[in-house]
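I opened the notebook to log what I looked up in this complex. Entries follow in the order of my checks.

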Amino acid sequence: MKYWRKPLDLETTPLARGRVLVVKDRCKGCEFCVNYCARGVLGMSKHFNRKGYHYPEADPARICVNCRFCEAICPEFAIFSVEDPQT
Amino acid sequence: MASKAVLTGTHFMNGDDACCEGALAAGCRFFAGYPITPATEVAERMAKRLPDVGGIFIQMEDEIASMAAILGASWGGVKSMTSTSGPGFSLMMENIGLGLCTETPCVIANVQRAGPSTGLPTLVAQGDMMQARWGSHGHYEIIALAPSSPQEMFDFTVRAFNLSERFRLPVLIMADEVVGHMNERVVIPPAEEIRLVERRKPTEPPGPGYLPFRPEADGVAPMATFGMGYHMHVTGLTHDERGYPAMDAKAQAQMMERLIGKIRQNRAEIDAWQAFGLEDASVVVVAYGISARSARGAVAYARQEGLAVGLVKLDTVWPFPEEFIAGLAGRVKALVMPEINLGQMVRELERLAAGRCRVELVPHPGGAIISPTAVLECIRKVLKEAS
Amino acid sequence: MNPEPIQAALPCHPQDDLLRTDRIPHIWCSGCGIGIVFNSLITAIKKSGLNQDEVAVVSGIGCTGRMAGYIALDSFHTTHGRAIPFATGLKLARPQGQVIVASGDGDLLAIGGNHFIHAARRNLDLTVICVNNFNYGMTGGQLAPSTPFGAKTTTTPLGSPDEPFNFCALAAACGAVYVARWTALHIRRLTTSLVEAIQKKGFSFVEILAPCPTAFGRRNQIRKPVELLRMYHDRSVVRNDLDPNLAVIDFAGNLVVGKFVDRTRTTFLDNYGLVNRREAPDWLGLEHERLREEKARAGAGQ
């Protein structure tokens, strides 16, 4: 992540880590979460859900910081994140 | 000193005031209304009386809002009512349907005046009888009572609340301008002598399996109200027993069965009429509301003349007492109905008589009551032509 | 037919406790903003710390009107336009309850406009949430009292000749004590506003500009849900405390959002209690009495 000013406590404060969970059959493919994920974690799956929509999936190479914005912006209650216990 | 909810004693009061007192005695604690002649006195008295008994009176912006507000209050667990006349009754129709669909107890008093449209605001009619039955869209069963005196305005209002709580639906009091405005003796019994019916509450605790619209054996579902913790959904859409919208013909059939069945299956509790001199009658006058008093006069005169005439005064007009009238039609020569319209309830008589006896209307376009003489003349004519 | 349960294996969504999950997926189209507002409302109800048995959600007819059917609280879906008068009766019958009205712009301010005006005037203690999607979505996209001048709908195929309402200015003029407007993308601020509106005593009003890609966007050259959401957000400017008369919605310029009004007025029930106590002076003195009580209450609150 790029910073316009390096926070003074960057070294001392651990970044939160999250894990994205998708209730894929609730998704209707609006892509709000993909477009507004601050860390670019999400992309649309090539697969279809039961209703015939592509649904989001998290790129394991990218780091979710558990901001839960995807959870707030999802009109379908189809995506949310939880704190990753590994960190 | 705060006045009591039940004004036990003998009073000289008009029908509108008696209607208000009946409501308070029945436990009504919420009134939302809009001024309209000749029903305004009900609202005015409510405005004065409700604050003293811990109730709320609110004058709404129109009758649509009034009707919606009393439904809201009923779901808040409070007995509620409104009063109006023709034009306001028309505006209430959509939300009366909402009350029927959502099985909401409440009472609407329609003090009828002559129409159509603004009509004769200060003068009597009985022109809303079919509107009471069919005015809201869709098919339904409804209960309507027709008082013919200030005393009955009191008694029937109490009964209207009892029926609405018992069967979970809006109950109509189809009064009229003359009954509303005439002053007569009204006896209000002691509170403990007034029989009150309260809505049945669910016995099971709140939980995911709770079905707010599942009827019991008598066809009526117990009613939880808001704030009891049941977290239920109530909608005017066709819904299943969970209260969830269900958009198909099967769900519609089940809901209609419930809404209609609970009235049809309990007719014995709802039907009410008073009969005089039916034993030897070859002509029976069937009447309701203020016209039942014209009829009573006419029947008294006729019997003085030695004519074999009986009287049936309908206390419950909807549902119409079908079996009773059909039975009557099979053993008399004629049924005569005076009503202050040009033929509404008489159609029910014609339908039930089904050609087995003569059915004669004594019509009046509205603006005045029917004179007993007009009814008497009809009786004489019918008897003469029958012999 | 009820759909079979969905994905039982996955952990529950954090909002599932207040959702009727057996009715999800809901009926709103892909990219509809109502779901975002609904999500925000659920968060706000949780944050406001109310006893959830005491909360009732009342809605009218239309897309937003379906909100009541998805929330696992006491909820009532009224006839078209009549959510506010129903809520009036409910609130007055149970003053201890918290009544939230959630409905669309057409329901609340066209067919229900009269009730809106008078509930605000009386300062009934209601929270009114208006999802403004600039058209009637449920019936396929017809003219609404919010449709921008010139915008196309199925009943204004060549563009709307009507001037739209400024709902926030109307609410403020009628006496609302809390008035705010956000777009569906201002999620955090919207949630804060909803909490404030729910906690506010009196008639509070929150308007949300929400995308309707299916019916409105499609006919007005913005088909993609994301584009519509972004456009509303990009054109919005936050002007807290601005006179709501100046808070215009001008698609050629700015969509002014913010918290415009937050003030105190005695509510209908306060006044009802005051006048019916009977020891109160005549109506000229009553106003004085009311101000005195208002001041005492404000003092006690601090």
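**Ground rules.** I am working with a predicted model, where local features need pLDDT of at least 70, side-chain atom pairs count only at pLDDT 80 or more, and totals for chains, interfaces and linings use all residues. Residues are numbered from 1 along each chain as its sequence is written, chains are lettered from A and ligands numbered from 1 in the order in which they are written, and side-chain values use heavy atoms, with hydrogens and water left out.

**β8(B), faces.** In a regular strand the side chains alternate between the two faces of the sheet. I checked both faces of β8(B), and both are covered. B:Pro170, B:Leu172, B:Met174 and B:Asp176 are buried on one side. B:Val171, B:Ile173 and B:Ala175 are buried on the other.

**β8(B), neighbours.** Which strands pair with β8(B), pairing being at least two DSSP bridges? Strand β5 (residues 106–114) of chain B runs parallel to β8(B) over seven bridges. There, B:Asn110 has B:Met174 as its bridge partner. Strand β7 (residues 143–145) of chain B is also parallel to β8(B), with three bridges. B:Leu172 in β8(B) stands opposite B:Ala144. From β7(B) the chain passes through helix α6 (residues 150–167) of chain B to β8(B), a right-handed β-α-β crossover (clockwise from the first strand over the helix to the second, with the strands pointing away from the viewer).

**Chains.** I looked for contacts, meaning heavy atoms within 4.5 Å. Two pairs of chains touch, and chains B and C share the most contacts. Chain A and chain B have none; their closest C-alpha atoms lie 19 Å apart. The predictor gives the complex an ipTM of 0.97 and a pTM of 0.95.

**Chain C.** Its average pLDDT (the predictor's confidence in each residue, from 0 to 100) is 93, and 94% of the residues score at least 70. Residues 1–8 of chain C stay under 50. Where pLDDT is low, the predicted coordinates should not be read in detail.

Methods. Buried < 20%, exposed > 50% of the residue type's maximum accessible area, 1.4 Å probe, protein only. Helix = DSSP H or I, 4+ residues; strand = E, 2+ residues; numbered from the N terminus. Pairing = 2+ DSSP bridges.
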